[in-house]
Amino acid sequence: MALVPCPACNHPVSEQARACPSCGHPGSGERGGVARVLGNVAGTYISATSFASLVLGVVMFTGFSAIMITLILSHR
Ligand SMILES: [Zn+2]
């Protein structure tokens, strides 16, 4: 079990550690760290995309509803 310097703060961190105990920098050493970072990036990208389409859908629906309500009310 070797100690490697944290890439963020140079604090000696165990290779097995998931995150630096000093600054919380993730994945210091070990392949799992890189995979975890990539997974986090992919997860963030996917959730950001779905969140954007969700917001867009809500905005479109609200705008459409507002236009329809305005048309219906103005035709009375
Ligand atoms: Zn650190």
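Q: What should I know about the model before I start?
A: It's a predicted model, where local features need pLDDT of at least 70 and side-chain atom pairs count only at pLDDT 80 or more, while totals for chains, interfaces and linings use all residues. Residues are numbered from 1 along each chain as its sequence is written, and side-chain values use heavy atoms, with hydrogens and water left out.

Q: How many helices and strands does the chain have, and in what order do the elements run?
A: Helices (H or I, at least four residues) and strands (E, at least two) are DSSP runs, numbered from the N terminus. Here you get 1 helix and 2 strands, and from the N terminus on they run β-β-α.

Q: Which atoms coordinate the zinc ion?
A: Donors are N, O and S atoms within 2.8 Å of the metal (3.2 Å for Na, K and Ca); water is not among the atoms, so sites may look incomplete. In this case the SG atoms of C6, C9, C20 and C23 coordinate the zinc ion, at 2.2 to 2.3 Å. Along the chain, those donors follow the spacing C-x2-C-x10-C-x2-C. C9 sits in the loop between β1 (3–5) and β2 (12–14), and C23 in the loop between β2 and α1, so this pair, 14 residues apart, links distant parts of the chain.

Q: What geometry does the site of the zinc ion have?
A: Four donors count as tetrahedral if all angles lie between 85 and 135 degrees; four count as square planar and six as octahedral if opposite donors are over 155 degrees apart and all others between 65 and 115; anything else is irregular. The zinc site has angles of 107 to 113° among its 4 donor atoms, and it is tetrahedral.

Q: How many disulfides does a search of the whole structure find?
A: A disulfide is a pair of cysteine sulfur atoms within 2.5 Å. The search comes back with 0 disulfides.

Q: Is C6 buried or exposed, and what about C20?
A: Buried means under 20% relative accessible area, exposed over 50%, partly exposed in between (1.4 Å probe, protein chains only). C6 counts as buried because its relative accessibility is 0%, and C20 is buried too, at 3%. C9 is partly exposed at 34%, and C23 is partly exposed at 40%. Across the chain, buried residues make up 8% of the 76 residues.

Q: How far apart are the C-alpha atoms of C6 and C23?
A: They're separated by 8.7 Å, though the two residues are 17 residues apart along the chain. C6 is in the loop between β1 and β2.

Q: What is phi of N10?
A: It's near 65°, a positive value in a residue other than glycine. N10 is found in the loop between β1 and β2, and it counts as exposed because its relative accessibility is 58%.

Q: Which residues make the nonpolar surface patch?
A: Accessible areas come from the Shrake-Rupley method with a 1.4 Å probe; for residues, only the protein chains shown count as cover. Here F51, L54, V55, V58 and V59 make a patch of about 480 Å². V59 lies in helix α1 (residues 31–74) and is exposed, at 52%.

Definitions and conventions:
Patches are made of residues with over 30% relative accessible area and no salt bridge: like charges are joined within 9 Å, nonpolar side chains (Val, Leu, Ile, Met, Phe, Trp, Tyr) within 5 Å. A salt bridge is a side-chain nitrogen of Lys or Arg within 4 Å of a carboxyl oxygen of Asp or Glu.
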